[in-house]
Amino acid sequence: MEKPEDLLLDIQHLHTAFRVGDDFYDAVDDVNLTLRKDEILAIVGESGSGKSTLATSIIGLHNPLNTKVTGDILYNNLNLVGLNEPIYNRIRGNDIGMIFQDPLAALNPLMRIGDQIAETLVYHTKMTKEQRDARVLELLAQVGIPNPQRTFRQYPHELSGGMRQRIVIAIAIACKPPIIIADEPTTALDVTIQAQILDLLRDIQKETHSGIILITHDLGVVAETADRVAVMYAGQMVELGTAQDVFAHPTHPYTRSLLRSMPQADADDDELHVIQGVVPSLKNMQMTGCRFAERIPWVPETAHEATPTMHEVGPDHFVQCTCYKTFHFQDEDATQSEG
Amino acid sequence: MALIEIRDLKIHYPIRSGFWNRVTDHVLAVDGVNFDIEEGETYGLIGESGSGKSTIGKAIVGLEPVTSGHIFYKGEDITKASNRKRLKYNKDVQMIFQDSLSSLNPRKRIEDIIAEPIRNFSNLTPTEERKRVQELLDIVGMPSDAMYKYPHEFSGGQRQRIGVARAVATNPKLIIADEPVSALDLSVQAQVLNFMKRIQQEYNISYLFISHDLGVVKHMCKEMSIMHRGRFVEIGSKADIYNDPRHIYTKRLLSAIPDVKPADREANREHRKAIEAEFRDEENRYYDQNGRVYDLQQISQSHWAALPELKKDGEA
């Protein structure tokens, strides 16, 4: 199914637990996921679904005192879970680049743009100053900065939000990492700028053949850019498949409900679909059974699995729990969706 | 007659500089806009950050001093403070803010937050007041024990619903909703939008719906305008704007909306690239030499766009 040489990251049974009081609660609960070469993998979910925690677990940004990460994150036969800091520091930036949501917060306001991009190169490469400067100018041009020479000497506050996000992308790709993690890269930006940044990410992905993990809550962004999609709910992965499959044939009740609650372009003044209840908080999460069950109370308990597992519903398309088989919306005829 | 008529509204901020700190220039945040909000209707105001859309909203509630122009409420100019008081304008026009956490006082209980506008505008006994707060919480679908809690105890969607409850507390005629759902998750956004619609139908409230999200505006509004650089580039009905956009800026905004059909991805991208290229090449044609948006030209009965060439036709 998957050729081992195409595999960039292999995440197995990942749990990330946060300390609340004296107990640990799983914010990411038993996630199995692979990132392949040459693809954009989107992780989509609402706030509190654990999508950002998954990303920060991969890049190892958690404080070990308050967080427990267990399971395996395999990269080139190296397990990133519990890796010691000096080795991790060689991987961050060099093998895994990270793009953050708020570009202004991610950039140092007192450093010139050129020096900030070069910082990664200083740490990870043996380039001379001249080589570094040349590489930085090349990067600035690659991310579509109109006047690289000038921007090289500017400070972050002199640039617009879109330009700043381009700088953050330039920093992330400076060492040509095979893996790039983009955590809500366009949430702070206007729609027109968002479209430009997403196009840029796709172009970079095609040029460098890297694997990008795109974390977002915006289904539109996913549909426009991703090759594969992982839908997360309450710390668990509920659906995984190609973008085509997930959007054309959404299968898990959560995915179907989410797509239905979007204001649709062709639908008119109808009421929007509302998912009953709220996303459970870390402390109130039910630990056994299907976590989405309490939001679809009309589905009989027998439809769910006691311990939900992933089921293959098509080539490369997986869904958690058995409740998808009989699930129907309340206003739908039950027999219709079963057929 | 429309509920609110806005005529040639201008809001300019002075730029001070030099040794004497004298006014050297102005930022034209809002530069001559005209529109009407009908009773019981939702009017959409769309624009990117910095386009001046929130400034218009604030000016209507009276949070922003107007440089020149008029805002007529039921035919009377409320840019004058005396008229505002006589018409009970501040009672009839309320606002919902984008960030629900920062718009609720963290040290007040929900009861006091929702009761504040009631206390300002009417004399109710404590029991009547509590009953009214109870009613309002029912309207937005919150449990009654929410009354004794503090804002931090609620989720984002619940807080935004409390914001809606506070806004409808005085039975307003118009609610300015400044990006009411842009901080919310998709499923919660659906809840809040449904509540806003239901309340509108029940109490015949008008909304000025300010947003950058064209999908949400399309769902909520019949009439809308697109704003850029402090001026309107296009006004029209839903069908006019989404099916027949005339101004390059409107086309550009529409092409940037992500579509949920991955199959059309490449086609969308090509379309977007073409529009972007057109925007780069033809920007000068759609904006005058100072980068200002042209005056609006009427295209059909409900559709206006800031196009330059129609003007020349008219002169010739």
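Modeller: Before we start, two residues are in contact if their C-beta atoms, placed from the backbone, lie within 7 Å. This is a predicted model, where local features need pLDDT of at least 70, side-chain atom pairs count only at pLDDT 80 or more, and totals for chains, interfaces and linings use all residues. Residues are numbered from 1 along each chain as its sequence is written, and chains are lettered from A and ligands numbered from 1 in the order in which they are written.

Biologist: Thanks! How many residues does the contact take from chain A and from chain B?

Modeller: Chain A gives 28 residues and chain B gives 29 residues.

Biologist: And which helices of chain A supply at least two residues each to that side?

Modeller: Helix H8 (191-208), helix H9 (219-225) and helix H10 (243-248) of chain A do. Helices here are DSSP runs (H or I, at least four residues) and strands are too (E, at least two), numbered from the N terminus.

Biologist: Changing topic, what is the average pLDDT of chain A?

Modeller: Chain A averages 89, and 95% of the residues score at least 70; pLDDT is the predictor's confidence in each residue, from 0 to 100. Over residues 335-339 of chain A, though, the pLDDT is below 50.

Biologist: Okay, what about helix H1 of chain A, how many of its residues are buried?

Modeller: Eight of the nine residues in H1 (residues 51-59) of chain A are buried. A residue is buried if 20 or more other C-beta atoms lie within 10 Å of its own, exposed if 12 or fewer, and partly exposed in between. Among the buried ones are Leu54(A), Ala55(A), Ile58(A) and Ile59(A).

Biologist: What does Ile181(A) contact, leaving aside its neighbours within four places in sequence?

Modeller: Its partners include Ala55(A), Ile58(A) and Ile59(A), along with Ile96(A), Met98(A) and Ile213(A).

Biologist: Now for phi: what value does Asp38(A) have?

Modeller: Asp38(A) has a positive phi of about 65°, although it is not a glycine. Most residues other than glycine have a negative phi. Asp38(A) is in the loop between strand E2 (23-36) and strand E3 (40-44) of chain A.

Biologist: Is Asp38(A) buried, exposed or partly exposed?

Modeller: Asp38(A) is partly exposed, with 15 other C-beta atoms within 10 Å. Ala234(A) also has a positive phi, near 50°, but Ala234(A) counts as buried, with 25 C-beta neighbours inside 10 Å.

Biologist: Nice, and where is Ala234(A)?

Modeller: Ala234(A) is in the loop between strand E9 (228-233) and strand E10 (236-242) of chain A.
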